[in-house]
Amino acid sequence: MPDEEVIEEGVLNPLKQEVQDPLLKQIMQESTFEPEPQPAEIPLPTDEVDCLVIGTGAGGAPLLARLAMAGLKVVALEAGPWHDPKTDFATDEKAQEFLFWNDERLSAGKDPVAFGKNNSGTGVGGSTLHYTAYTPRAHPDDLHLNRDFGVGVDWPFGYEELESYYEELEHFLGISGPTPYPWGPTRRRGYPLAPLPLNGAAQLMERACQQLGIQTSPAANAALSARYYQEGVGWREACTNRGFCQAGCSTGAKASMDVTFLPLAVAHGAEIRPNCFVTEIERDEQGRVTGVVYEHNGITQRQQCRHLFICAGAVETPRLLLLNELALSSGHVGRNFMAHPGVQVWGTFPEDIRPYKGIPGGLISEDTHRPPDADFAGGYLLQSIGMMPVTFAGQVVRERKLWGAKLREYMRNYNHIAGINILGDCLPHADNFLELAEEKDARGLPKPRLHFTNHENEIRMNRHAEQLMRRIWETAGATDIWAFPRSAHVIGTARMGLSGDDAVVNSDGRAFDVPNLYICDNSVFPSALSVNPALTIMALSLRTADKFLESERRRDN
Amino acid sequence: MFQQEFRVLTSDEQASVLQLVQEGKAPGEAWETVPAERFFEEMLAELTELYYAHPLAQEEIGYVGMADATGWTRLGLNELEPREPEAISSQPGL
Ligand SMILES: Cc1cc2nc3c(=O)[nH]c(=O)nc-3n(C[C@H](O)[C@H](O)[C@H](O)COP(=O)(O)OP(=O)(O)OC[C@H]3O[C@@H](n4cnc5c(N)ncnc54)[C@H](O)[C@@H]3O)c2cc1C
Ligand code: SF4
């Protein structure tokens, strides 16, 4: 399909919200009460912005800053609130649940994916508010699974397109990590900060891997091992090893977007509007986006824009597109949903480990990137994990089915338990996809339903990894070893590609169907990659902004 | 099952009812419409998380992660800071 010439018919207001609550419905039917006449039109704000960004996570924040720094008038709409980590964040898992996207999402398939705290966040900063901050680069061959194994699809460009962005991000965010890095191509620049200290689980894994001849290294982690000065932000203090990264960092040591790119964006004139949930995307007769409608504290508002950047994460982005019947001509919106195989292995040790201390994202091995004895395509990495008691207890009861006295007995070993996990490639499969369900949410909008089933490749990879991790934990001296099968991250639901026949956005991140619509978040990944996604999402975000600015400059000349 | 309200059963009786619900074998009409195993797992996970969010339950397992205001510096295996309580059991698994 040719590029921007083909334009969808303008669909202006495809959404009709309806009352869901049966009781309220009944009351409304029975009553003769006439609702106050609503103003027929949502008032048009007179200002049109150059670029409107939906979502302020890993995909939205870097490009927001880049566009603001280029002197454009930019506004970001973020569904969640704006927190002050220093005063709002408690060292209390339950109390921190507000960081997660807790609107109901429906899960289907043979291996339904868990949402909420397993998967996605909300608030100014998005899921980076609670990410573990493991920030490895992708490998060059991660982008070419099809070339190398004949499965999945290749990225529309090679590693060289990402390399300079990785470098820039590592230095801007203040990533702590080893120099030289043991795996992947030789780097032009090392990490700006030395690695962070290893927690107990990482020390146990390091010891055992050494005996087994598996190379390990302190991981690249976007938490500061020393004070760091950052443009537009100022001094950020070093990590104090409080081990709570997955429930929000109260010290600002972890490079979540709210302490890095977002203040930079604001310093350059960007406006961030929290608590603004976008529901509609409006278009003119030519199919160009003209603006969005959003809800702010129960009030419906409209913002017009010249260009729209959807960065709402790999569930809400395709959901918005489907709800608005936007950019659908490829038939790939919502399809190709991938989730990293992420099996965890836990064990009990004689040592006093104190899992609440130290960053959870400690040790890594990428020796399994292309294992010689693999019976699957692609590969995975090994990482030590941290453990917060509430999340861990929930996993224990789901997997081991313990309760009552037996549960309490097991949990009394808390200070002696440690875990490791993997993250590996996932292939796109026809039966793994996102769709809109009949069931509506509190806003009256259809809930998203995600179908997920592990196929042969994922099953074999998890099996390979579980065997290896059991061997590592036995060597480290663990007893009572058990595995927790799980999938991590939502990927690929609006993928990038060379042709509008099998992809939603082109290699610059622009929608094939809509010339002034860009998408940037985990949904545009053509393949899952064998590494944690956030650094690559941020790299794509900066690249998308640069490609956009280039095309604007070309147009001006 | 015991022809009485759950609340008045002895704790052993309560446990055997729960066990049957977990295994999807509990008798009664209610369980014909609700998938018992799934229901039990969701309930259990929710209650367990609430339970271990309580300071007393956290004390029981030796968790003092909330005492982190000044940060942690002694991260080695078997290394404690002065404010960390001693191990609750010297032999794990006991
Ligand atoms: C516990 C946990 C640990 C993790 N650890 C790591 C790690 O160590 N390393 C790593 O690389 N990755 C990690 N991840 C994954 C990483 O956090 C995500 O992959 C990444 O943040 C996704 O970026 P995104 O831009 O796609 O979406 P998000 O960061 O989720 O941002 C999307 C934003 O859009 C907003 N939004 C959605 N819909 C709307 C709407 N309609 N209107 C307005 N705003 C909207 C949301 O509120 C959200 O703020 C972890 C994830 C979890 C859950
Ligand atoms: S361990 Fe470090 S980075 Fe993580 S939450 Fe604590 S202070 Fe922040």
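Colleague: Is Trp403(A) buried or exposed?

Modeller: Trp403(A) counts as buried, because its relative accessibility is 18%. Buried means under 20% relative accessible area, exposed over 50% and partly exposed in between (1.4 Å probe, protein chains only).

Colleague: What kind of model is this, and how are residues numbered?

Modeller: This is a predicted model, where local features need pLDDT of at least 70 and side-chain atom pairs pLDDT 80 or more, while totals for chains, interfaces and linings use all residues. Residues are numbered from 1 along each chain as its sequence is written, chains are lettered from A and ligands numbered from 1 in the order written, and side-chain values use heavy atoms, without hydrogens and water.

Colleague: Thanks! How many aromatic pairs are there over all chains?

Modeller: The structure holds 26 of them. Rings of Phe, Tyr and Trp (its six-membered ring) pair if their centres lie within 6.5 Å; planes under 30 degrees apart are stacked, over 60 edge-to-face and the rest tilted.

Colleague: Why is the pair of Trp403(A) and Phe40(B) edge-to-face?

Modeller: The planes of Trp403(A) and Phe40(B) stand at 65°, with the ring centres 6.0 Å apart, so this pair is edge-to-face. The pair also crosses between chains. Trp403(A) sits in the loop between helix H9 (389-400) and helix H10 (404-411) of chain A, and Phe40(B) in helix H3 (residues 36-51) of chain B.

Colleague: Is Phe40(B) buried or exposed?

Modeller: Phe40(B) counts as buried, because its relative accessibility is 9%. Leaving aside neighbours within four places in sequence, Phe40(B) is in contact (heavy atoms within 4.5 Å) with Trp403(A), Leu18(B), Val21(B) and Gln22(B).

Colleague: Which cluster do ring pairs link Tyr410(A) into?

Modeller: A cluster of Trp346(A), Phe392(A), Tyr410(A) and Trp482(A). Tyr410(A) counts as buried at 5% relative accessibility, and Trp482(A) counts as buried at 5% too.

Colleague: Where does the charged end of Arg543(A) sit?

Modeller: Over the ring of Phe157(A), 4.0 Å from the ring centre. The rule asks for NZ of Lys or CZ of Arg within 6 Å of the ring centre and within 35 degrees of the ring normal. Arg443(A) lies over the face of Phe277(A), at 3.5 Å from the ring centre.

Colleague: New topic: how many residues does the contact take from chain B and chain A?

Modeller: It takes 42 residues from chain B and 41 residues from chain A. The two chains bury about 3,600 Å² between them, 57% of it on carbon and sulfur atoms. That is accessible area (1.4 Å probe) lost on being put together, summed over both. In chain B, Glu49(B), Leu75(B) and Leu77(B) lose the most area to chain A, together 19% of what that side buries.

Colleague: How many salt bridges are there across the interface?

Modeller: The rule finds 7 between chain B and chain A, each with a side-chain nitrogen of Lys or Arg within 4 Å of a carboxyl oxygen of Asp or Glu. Asp68(B) and Arg242(A) meet in a salt bridge, at 2.7 Å from N to O.

Note on methods: Helix = DSSP H or I, 4+ residues; strand = E, 2+ residues; numbered from the N terminus.
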